[in-house]
Amino acid sequence: MASSMIHLAITNSIIDELKIDDPYRLRLGCILPDAAVHGNGHLKIRICDATRSTYDFESFRERFGERMKVDGLYLGYYLHLVQDAFYRYYVYSEHDWNPLIPGHMEKLHRDYELTNEHVAEKYHLEPNMIRPLKLSGEPILEVAEFDVNGFVNGIKGQFQTIDSNEECFFFTRDMADEYIERAILLCKKELLDLAEGKPGMNSLAWSWVRHT
C-alpha cells in the first residue's frame, strides 16, 4: 500500500518517543510486511461472509503483543499494518482511488518513485538507517517468509535522485505530506491506547468492501 519511504518517514518521526533500544529493528519492522515472498505478510483476512477484507490487528496483538512492548521489530511491523489501513482509507475513501482501471497501479508506483526524494529530504531519511538484519529463529517467520536482503537493498536504491520533470499522476508530494502527518498522529494515538490498556485498532471498523 503506502511506499516503503513513507513507512520509514512515519515510523522514524516517532522513534524518539518510543524509547526503543535498537532503532534498526524498528525501522526494519516497519517495512518488513512488504518484504514477504511467501505467506500472509499483512495478515489480511476476509470477514462478513467474505464480502469484506481487513488486516487482522487482533491476531497480531494476541500473538506478538508482549514482544511489541520490548522489541522494535514487532512494534514496527504492527505500525506498518496501522499505516496501511489508514492509507487505504485515505486514497480509496477520501480520494476515490480506483485500482481496477488498467494502468493505474503502475502509475501509482511511479508516483512513489517521484515522491521518494521529497519524502526522504523532508523527514531526514538516509539509506544507512535500515539494515538487513537476520531473522533466523524469529517468531515473525510463522507469519511469512521474507526476502530481507533483497528488499532492503531495493529500498536503499530508492534514495537515488530521479532527474525528471515528470508530474505525479495521482499521489502528489502534497498528498504524501498530508498522509504522513495524519498517520503520525494515528500511530501515536494507537500506541497511547495500547499503553493505557484500551482496545487497539479494530479489524471490522477498518475493513473494506472487497473489489471484484
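A pocket, as the word is used here, is an open set of grid points with protein on both sides within 12 Å along at least five of seven lines, and its lining residues have an atom within 4 Å of a point. The model described here is predicted.

With that definition, the second largest pocket can be described. It is lined by 17 residues, and those nearest its centre are Met1, Ala2, Ser3, His109 and Tyr112. Its volume is about 290 Å³. Two helices, α5 (72-94) and α6 (104-122), each supply at least two residues of this lining. The greatest contribution is that of α6, with six residues. Sorted by class, the lining of the second largest pocket holds ten nonpolar, five polar and two charged residues.

One of the residues nearest the centre of that pocket, His109, belongs to helix α6. His109 has a relative accessible area of 42%, and is therefore partly exposed. Another histidine, His124, is 15 residues from His109 along the chain, and the C-alpha atoms of the two are 22 Å apart.

The largest pocket has a volume of about 450 Å³. Its lining consists of 17 residues, with Lys69, Leu75, Leu191, Leu194 and Ala195 lying nearest the centre. Helices α2 (15-18), α4 (57-68) and α8 (173-195) each give at least two residues to the lining of the largest pocket. By class, that lining is made up of eight nonpolar, three polar and six charged residues.

Pockets are open, whereas a cavity is a set of points where a 1.4 Å probe fits but cannot get out. How many cavities of 30 Å³ or more does a search of the whole structure find? The search finds one. The volume of the largest cavity is about 30 Å³. Leu8, Leu125, Glu126, Met129, Ile130 and Phe159 line the largest cavity. Five residues of this lining are nonpolar, none is polar and one is charged.

The next topic is the strands. Three of them form an open sheet in the order β2-β3-β5, with antiparallel pairing. Strands β2 and β5 stand at the edges with a single partner strand each, so one side of each has no neighbour in the sheet. Strand β2 covers residues 44-47 and strand β3 covers residues 52-55, and four bridges join the two in the antiparallel sense. Across this pairing, Ile45 is opposite Thr54 in β3. The hairpin of β2 and β3 has four residues between the strands, and in this hairpin Cys48 takes a positive phi near 55°.

On the other pairing, β3 is joined to strand β5 (residues 208-209) by two bridges, and these strands also run antiparallel. Here Arg52 stands opposite Val209 in β5, while Ser53 has Trp208 as its bridge partner in β5.

A disulfide is a covalent bond between the sulfur atoms of two cysteines. With a limit of 2.5 Å between cysteine sulfur atoms, the count for this model is zero. Are Cys48 and Cys168 buried or exposed, or in between? Cys48 has 38% relative accessibility and so counts as partly exposed. Cys168, with a relative accessible area of 15%, is buried, because buried means under 20%.

The structure holds 17 aromatic pairs. In one of them, Tyr55 and Trp208, the ring centres are 5.2 Å apart and the planes stand at 55°, so the pair is tilted. Tyr55 lies in strand β3 and Trp208 in strand β5, so this pair ties together parts that are 153 residues apart in sequence. Both Tyr55 and Trp208 are buried. The rings of Tyr90 and Tyr179 make another tilted pair, because their centres are 5.8 Å apart and their planes are at 50°. This pair, too, links distant parts of the chain: Tyr90 is in helix α5 and Tyr179 in helix α8, 89 residues apart. Tyr90 has a relative accessible area of 0% and is therefore buried. Tyr179 also counts as buried, at 0% relative accessibility.

Ring pairs also build a cluster, which links Tyr55, Phe57, Phe60, Phe64, Tyr74, Tyr77, Tyr78, Phe146 and Trp208. Two of its members, Tyr55 in strand β3 and Trp208 in strand β5, bring the account back to the sheet with the order β2-β3-β5.

Key:
Residues numbered from 1 in each chain as written. Predicted model: local features only at pLDDT ≥ 70, side-chain atom pairs only at ≥ 80, totals over all residues. Heavy atoms only, no water. 1 Å grid on protein atoms, 1.4 Å probe; cavity = no way out; pocket = protein on both sides within 12 Å on 5 of 7 lines; lining within 4 Å. Points joined across faces, edges and corners; volume = space filled by probe spheres on them. Nonpolar A, V, L, I, M, F, W, Y, C, P; charged D, E, K, R; others polar. Buried < 20%, exposed > 50% of the residue type's maximum accessible area, 1.4 Å probe, protein only. Pairing = 2+ DSSP bridges. Phe/Tyr/Trp six-rings, centres within 6.5 Å; stacked < 30°, edge-to-face > 60°.
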